[in-house]
Amino acid sequence: IYSGSKDYLERALALVEDAYRLNPNDYVVQFIRAYVYFYTRDIDTFMAALELAVRTNPNISTNGELALYCAYAGYSDRAVELFERARNLNLHIPGYYHLTPFMAHACHGDYEQALSEAQQIRIPALFMDPIARAVALGYLGRKEEAGTVVAELLQLVPDFGESGKELIKRIWRYEHPVELLLEGLRKAGLEF
């Protein structure tokens, strides 16, 4: 899906819609349907599918995954609600779920809190881990620490200066979060 291949997404959409027609009340089908609509950039249908999945099974911590995509789509307030519910259901949620409150705090200009959430991601091989920390540190003006984190990012994705903007745009779907992240990375010392 990250490749942006249109044929791949069309096939995924056809398969998930077939599955949905066969079993519209299945949480897993609803979850995957939301995920596919996110990547087809049909955000309205994504949000409707997300809400259906959450209503079908509100007491499952994997809704924290949906919260993450909700944040990526620009709905940070709803995303944080879903994240908090997932965290209350499972205190051992995956670290990358913390990208949801990181983004919400960053969008609201609370970079100390954004950094606190970014530090809880703790998945060094996931390029969003150093991105989140670098962004928060960049906005906080902590250039030396930010430079160290940017070096981590460049170890993971050596051509990030050239490809990073496109990678971020593939994940986040709205201009404001994309520009917020890119500006934070610039402040951290990364050049695009």
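Helices (H or I, at least four residues) and strands (E, at least two) are taken as DSSP runs, numbered from the N terminus. The model is predicted, so local features need pLDDT of at least 70 and side-chain atom pairs count only at pLDDT 80 or more, while totals for chains, interfaces and linings use all residues. Residues are numbered from 1 along each chain as its sequence is written, and side-chain values use heavy atoms, with hydrogens and water left out.

His 105 is found in helix H6. Its relative accessibility is 23%, so His 105 counts as partly exposed. That term covers the range between buried (under 20% relative accessible area) and exposed (over 50%), with a 1.4 Å probe and protein chains only. Contacts of His 105 include Asp 110, Gln 113, Ala 114 and Glu 117, not counting residues up to four places away in sequence. Contact here means heavy atoms within 4.5 Å. His 105 and Ala 136 lie 31 residues apart in sequence, with 9.6 Å between their C-alpha atoms.

Helix H6 (99-107) also packs with H5. The axes of H5 and H6 come within 9 Å and cross at roughly 145°. Axes are lines fitted to C-alpha atoms, for helices over the stretch in contact, and angles run from 0 to 180 degrees between N-to-C directions. The crossing of H5 past H6 is left-handed. In such a crossing the near helix is turned anticlockwise from the far one by less than a right angle; clockwise would be right-handed. On the H5 side, Ser 76, Ala 79, Val 80 and Phe 83 meet Thr 100, Pro 101 and Ala 104 of H6.

Helix H4 is mostly covered, with ten of its ten residues buried. Among them are Gly 64, Leu 66, Leu 68 and Cys 70. The buried residues of H4 pack against H2, helix H3 (43-56), helix H5 (76-89), H6 and H10. Asn 63 lies in H4. This residue counts as buried because its relative accessibility is 3%. Asn 63 touches Tyr 27, Val 54, Asn 57, Pro 58 and Leu 82, not counting residues up to four places away in sequence. Just after H4, Gly 74 takes a positive phi of about 100°.

Rings of Phe, Tyr and Trp (its six-membered ring) pair if their centres lie within 6.5 Å; planes under 30 degrees apart count as stacked, over 60 as edge-to-face and the rest as tilted. Tyr 35 and Tyr 69 form an edge-to-face pair, 5.3 Å centre to centre with 80° between the planes. This pair links distant parts of the chain, 34 residues apart: Tyr 35 is in helix H2 (residues 27-39) and Tyr 69 in helix H4 (residues 63-72). Tyr 35 is partly exposed at 26% relative accessibility, whereas Tyr 69 is buried at 6%. The ring centres of Tyr 72 and Trp 172 are 4.6 Å apart and the planes meet at 70°, so this pair is edge-to-face. It too links distant parts of the chain, 100 residues apart, with Tyr 72 in H4 and Trp 172 in the loop between helix H10 (160-171) and helix H11 (175-187). Tyr 72 and Trp 172 are both buried. Ring pairs join Tyr 35, Phe 38, Tyr 39, Phe 46, Tyr 69, Tyr 72 and Trp 172 into a cluster.

The largest nonpolar core has 60 residues. Such a core is a set of buried Ala, Val, Leu, Ile, Met, Phe, Trp, Tyr and Cys residues joined through side-chain atoms within 4.5 Å. Residues with the most contacts inside the core are Phe 46, Phe 102, Ile 131, Phe 160, Ile 168, Trp 172 and Leu 185. Ile 168 touches Ile 131, Phe 160, Val 178, Leu 181, Leu 182 and Leu 185, not counting residues up to four places away in sequence.

Loop residues complete the account. Phe 127 is placed in the loop between helix H7 (111-118) and helix H8 (128-140). Arg 122 lies in the loop between H7 and H8, and has a positive phi near 50° although not a glycine. Arg 122 is exposed, with a relative accessible area of 62%.
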